[in-house]
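I opened the model to look up a few residues and a surface patch. My notes follow in the order I made them.

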Amino acid sequence: MHLAYPAVLAALLFCTGLYGVLARRNAILVLMSVELMLNAVNLNLVAFDVWLRDSLHAGQALTLFTIAIAAAEIGIGLAIVLMVYRNRGTADVDRLRDTAEGHETDGPNPAGVHPDSANPATGAAA
């Protein structure tokens, strides 16, 4: 078996997953992209195991561990995404990042004044 075919396929899978992680805004699609990247790693492990003719089949054993870790990761990740969706009403990664920084409005304050500072019209504290 030629090693180039599975290596090219794994590289394409990994690049597709990387693009999905970097470009997508939906948290579930980001998790699916991470799974694509892990499957590319699994394909490389099995391909190199076959190519090296390892008698212990270490690549296949590592693939089983990777599959187990990926299953645990997707289970915990989906549970977190579902809880965030229930609490916030969205699974948009950009909005979740904004809420982690603080409870601000969607855009900058037009007057440029922090809501907790003095009222610009009266000079009194809010």
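Entry 1. I looked up S33 and found it buried, because its relative accessible area is 7% and buried means under 20%. The model is a predicted one, and I keep that in mind for every value here. S33 sits in helix α2. I then checked what its side chain does: a polar atom there lies 2.9 Å from the backbone oxygen of L29. Leaving out residues up to four places away in sequence, I noted that S33 touches G17, G20 and V21.

Entry 2. I went on to D49, which is also placed in helix α2, residues 27–52. Is there a salt bridge for D49, or none? I found none, although D49 is buried. The nearest side chain of opposite charge is that of R53, and R53 is 11 Å away. I did find a polar contact of 3.4 Å between the side chains of D49 and H57.

Entry 3. Which residues make the nonpolar patch? I listed F14, L18, L22 and V41, with an area of about 350 Å² for the patch. Helix α1, residues 4–23, gives the largest share, three residues.

Entry 4. I picked L22 from that patch and confirmed that it lies in helix α1. L22 counts as exposed, because its relative accessible area is 69% and exposed means over 50%.

Definitions and conventions
Residues numbered from 1 in each chain as written. Predicted model: local features only at pLDDT ≥ 70, side-chain atom pairs only at ≥ 80, totals over all residues. Heavy atoms only, no water. Patch = residues over 30% accessible without salt bridge, like charges linked within 9 Å, V, L, I, M, F, W, Y side chains within 5 Å. Areas by Shrake-Rupley, 256 points an atom, 1.4 Å probe, with all protein chains shown as cover. Salt bridge = Lys/Arg side-chain N within 4 Å of Asp/Glu carboxyl O. Helix = DSSP H or I, 4+ residues; strand = E, 2+ residues; numbered from the N terminus. Buried < 20%, exposed > 50% of the residue type's maximum accessible area, 1.4 Å probe, protein only. Lys, Arg positive; Asp, Glu negative; His and termini not counted. Polar contact = N/O pair within 3.5 Å; in protein donor to acceptor, adjacent residues only side chain to side chain. Contact = heavy atoms within 4.5 Å.
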